[in-house]
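Dear colleague,

Please find below the structure that I am handing over to you.

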Amino acid sequence: MPPSQFKCYLAVCLMLFCDAALAEDPPAAQTSSVLPPQKTEDAPLYLHADQIEGIANQQVKAKGHVELQRNDGVLTSDYLQYTFDTDQAYATGNVTLEQPGLNVRGPELRLRLTDQVGQMQQPVYSLSDLITHTQATALTRKARGEARVLDFEGKNQYRLKDATYTTCPVNNDDWYLHVKDLNIDRGREVGTARNAYLEFKGVPILYTPFIDFPLNNQRKSGLLAPTFGTTGSSGLEFRLPYYWNIAPNYDATISPRIMSKRGLQLGGEFRYLGESYRGLLNGEFLADQVTNTNRWSVFVNHDQTFAPGWSGHLHYERVSDNNYYRDLSNQINTTSITNLSQDGSINYSAGWWNAGIRAQKFQTLQDPLAPIVPPYNVLPQLTLNANRYDWHGVDFSFAGEAVHFDHPTLVTGTRVSAYPSFSLPMANNFAYLTPKFGVSQTNYYLDSSTLPNTVRTLPITSVDSGFYMDRNTRLFGHNYHQTLEPRLFYVYIPYRDQSQIPNFDSGEVDFNFAQMFTENRFAGGDRINDANQLTTAVTSRLIEPDSGLERLRVSLGQRFYFAPQKVVLPGGTPTNSTSSDVLASVGGQLSQAWRAEAAVQFNTRQGASIRNSISANYHPEPGKTLNLSYRSIRGTYNSLGASNFDAIRQVDISAQWPLAPRWYGLMRYNYSFVDGRLVQGLAGLEYNAGCWAMRGVLQRIATATGSASNSFFIQLELNGIGRLGSNPLDVLKQSISGYVNTNELQNP
């Protein structure tokens with residue numbers, strides 16, 4: 001049969017049976033065919049090549065620029081043979097297989113297409129995150145490597161023998177994981193390696209018989225990267241956490257921690273989440289070789305909804321001794337803790353009113369050089385609160401409680417209080433006026449023979465008013481929306497002698513712009529100030545009309561007293577002042593990168609400022625942040641009766657800043673001029689190589705009067721594997737406002 005007749009006959013056969021065709025055209029003119037699926041549920045195969053030939057429903061062969069497609073998978077090669085009855089594809093010569101999340105190249109491939117079972121020799125592979133269209137703009141990670149053999153073990157299941165694995169880009173071999181057996185599960189997004197060692201900069205640094213790691217950010221069980229470091233109080237430290245993904249709504253982390261000076265500490269954390277509850281359990285235990293005692297900590301936090309309107313809360317934390325956090329923690333917010341709370345409550349909310357019962361105790365961590373008086377325990381507290389707006393034309397509010405205070409050394413007793421009030425808000429677009437009247441009734445039932453039971457009844461009257469005026473203006477070549485917001489707040493409360501009332505929980509609130517517009521300058525329920533006073537304040541803003549950004553805000557305020565202030569805390573002295581200190585503040589977003597704030601509290605009687613604070617933040621882009629602040633507080637008396645002494649005077653500077661390509665400097669300097677010592681100091685360097693980062697941090701924090709703790713952190717972070725070394729990230733985020741992990745930056 002002439003070739004032309006054979007070509008025509010084969011084309012007819014393929015159209016009738018398998019849609020294949022024989023092509024003798026040059027490579028530029030490819031032949032395309034559609035191979036019918038062997039099962040009705042299978043997707044069809046699309047085959048393109050320079051030459052295609054075959055036998056109907058048996059076998060197809062393709063040569064030259066071969067491309068085979070099914071669903072999202074594409075197979076290219078120099079030569080391809082496909083057998084119908086076995087659904088087997090055999091490809092040789094520059095073989096490339098692309099599937100969602102996988103690209104693999106090699107000299108030879110055998111693969112059953114439907115069930116994705118087969119093998120490739122000498123593969124070079126790359127993995128990428130499986131992302132949806134809504135995630136297309138997210139930062140994706142890629143992993144790559146080579147292997148002796150790649151076994152396809154089903155859809156999204158791959159096993160590699162004698163393989164390497166890294167997330168470094170091509171031509172960057174800074175680190176590799178060398179693996180005898182590597183399993184890639186794209187269904188669960190988990191990688192599992194057996195008999196693996198980690199090579200960094202050509203040097204093996206870690207061997208493990210077994211390791212598994214996530215291929216994305218999903219949770220999974222397994223050993224986490226070990227951490228190590230050193231502190232002055234505990235010596236060298238090594239921690240190897242194990243994460244247990246128990247269920248989608250339960251997980252646990254078990255963290256053994258070896259300290260060269262103190263021994264082995266066992267720690268664990270359990271998190272849980274249900275439809276009506278959530279919580280966290282945390283505990284640590286150490287047989288301390290330094291103190292020769294057993295040391296431990298317990299932390300419990302639980303929230304639950306029992307029924308519509310009903311909820312409960314439990315918080316419990318306790319440690320074995322006063323120095324637990326000072327000796328074993330390296331975070332200043334932990335080492336400065338003095339009172340650990342243990343409290344539980346049950347609450348009911350019915351819309352405009354709610355009620356609850358609560359019990360609370362404290363563990364006070366004593367500083368041997370500065371003893372602390374523990375706070376009162378609350379055993380128990382009953383509360384009833386209500387807020388009814390626009391009720392017959394007025395707003396109604398009620399705050400009531402009955403609470404028993406217990407203390408090992410101080411007077412104890414029960415306080416019952418009720419404060420109903422009515423207000424009549426009147427407002428329009430540019431002004432408001434809100435008169436308010438209420439009566440505070442408090443009864444004390446004391447467990448003492450020296451102090452009588454007391455009843456305190458106080459009517460409380462206030463009037464809050466203000467205006468809002470605005471205009472368009474132009475300054476420094478820019479258009480702004482300028483506001484002027486004056487405010488007047490009057491309060492009248494008659495004087496009642498409260499010297500015979502114990503102080504269970506009251507303290508004087510710092511004088512600031514928020515406190516200026518409150519009825520009572522005391523927090524807690526044991527002191528209510530007498531008041532015949534008027535607060536005046538004014539605020540002006542410059543607002544950018546296009547963005548709504550507040551470029552500048554200036555505020556000024558002062559309180560005027562029409563009668564002496566007689567009610568004081570125990571040990572306090574009444575004042576005859578006719579006016580308060582003057583408060584002034586200025587701040588705003590000065591530019592896209594700069595924000596600044598300044599405030600001053602000026603005492604007109606002394607002619608001097610009592611409180612000063614100034615802060616500035618420069619944050620032009622992620623990875624660049626500079627924070628500057630200074631604050632001072634001047635006391636009015638001390639134990640010797642001296643006045644105008646410095647109670648607080650501190651400077652605080654922190655920064656994260658690029659020093660050179662990929663190099664970042666880290667620092668914090670918080671110094672107390674009054675104490676003449678460093679409150680917290682931090683210095684560090686961070687290097688980001690793209691697929692790995694290394695950071696070293698030295699920290700010194702004051703833990704108690706005359707003592708300090710030194711810590712050193714060094715960490716190697718390998719993208720896609722984990723972090724090795726002691727973790728300074730929590731310390732950096734708490735110490736440097738605006739700090740970001742450079743691995744989260746698009747272009748470090």
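**Buried charges and their partners**

Arg-262 is buried, with a relative accessible area of 4%; here buried means under 20% relative accessible area, exposed over 50% and partly exposed in between, with a 1.4 Å probe and protein chains only. The model is a predicted one, in which local features need pLDDT of at least 70 and side-chain atom pairs count only at pLDDT 80 or more, while totals for chains, interfaces and linings use all residues. Residues are numbered from 1 along each chain as its sequence is written, and side-chain values use heavy atoms, with hydrogens and water left out.

Which residue forms a salt bridge with Arg-262? The partner is Asp-288, with the closest N and O atoms 2.7 Å apart; a salt bridge is a side-chain nitrogen of Lys or Arg within 4 Å of a carboxyl oxygen of Asp or Glu. The pair links distant parts of the chain, 26 residues apart: Arg-262 lies in the loop between β20 (250-259) and β21 (263-273), and Asp-288 in strand β22 (residues 277-288). Helices (H or I, at least four residues) and strands (E, at least two) are DSSP runs, numbered from the N terminus. Asp-288 is also buried, at 2% relative accessibility.

Asp-288 has a further salt bridge, to Arg-295 (2.9 Å, N to O). Arg-295 is buried at 2% relative accessibility and in turn forms a salt bridge with Asp-321, whose closest N and O atoms are 2.7 Å apart. Arg-295 belongs to strand β23 (residues 293-307) and Asp-321 to the loop between β24 (310-319) and α2 (324-328), so this pair ties together parts that are 26 residues apart in sequence. Asp-321 is partly exposed, with a relative accessible area of 22%. Elsewhere, salt bridges that share partners join Glu-485, Arg-541, Glu-550, Arg-553, Arg-595 and Glu-597 into one network. The structure holds 32 salt bridges.

**Aromatic rings and a hairpin**

A search of the whole structure finds 22 aromatic pairs. Rings of Phe, Tyr and Trp (its six-membered ring) pair if their centres lie within 6.5 Å; planes under 30 degrees apart count as stacked, over 60 as edge-to-face and the rest as tilted. Tyr-272 and Tyr-277 have ring centres 6.0 Å apart and planes at 45°, so the pair is tilted. Tyr-272 is buried, at 13% relative accessible area, whereas Tyr-277 is partly exposed at 26%. The rings of Tyr-669 and Tyr-671 are stacked, with centres 5.9 Å apart and planes at 0°. Phe-200, Trp-663, Tyr-687 and Trp-692 form one aromatic cluster.

Strands β44 (residues 663-672) and β45 (residues 677-688) run antiparallel and are joined by 10 bridges; two strands pair if DSSP finds at least two bridges between them. Leu-666 stands opposite Gly-684 in β45. The hairpin has 4 residues between its strands, and Gly-676 takes a positive phi near 65°.

**Overall picture and confidence**

The protein has 5 helices and 48 strands, and buried residues make up 40% of its 748 residues. The average pLDDT, the predictor's confidence in each residue from 0 to 100, is 85, and 88% of the residues score at least 70. Over residues 131-140 the pLDDT stays under 50, and the model has 10 contacts (heavy atoms within 4.5 Å) beyond four places in sequence for them. Where pLDDT is low, the predicted coordinates should not be read in detail.

With kind regards
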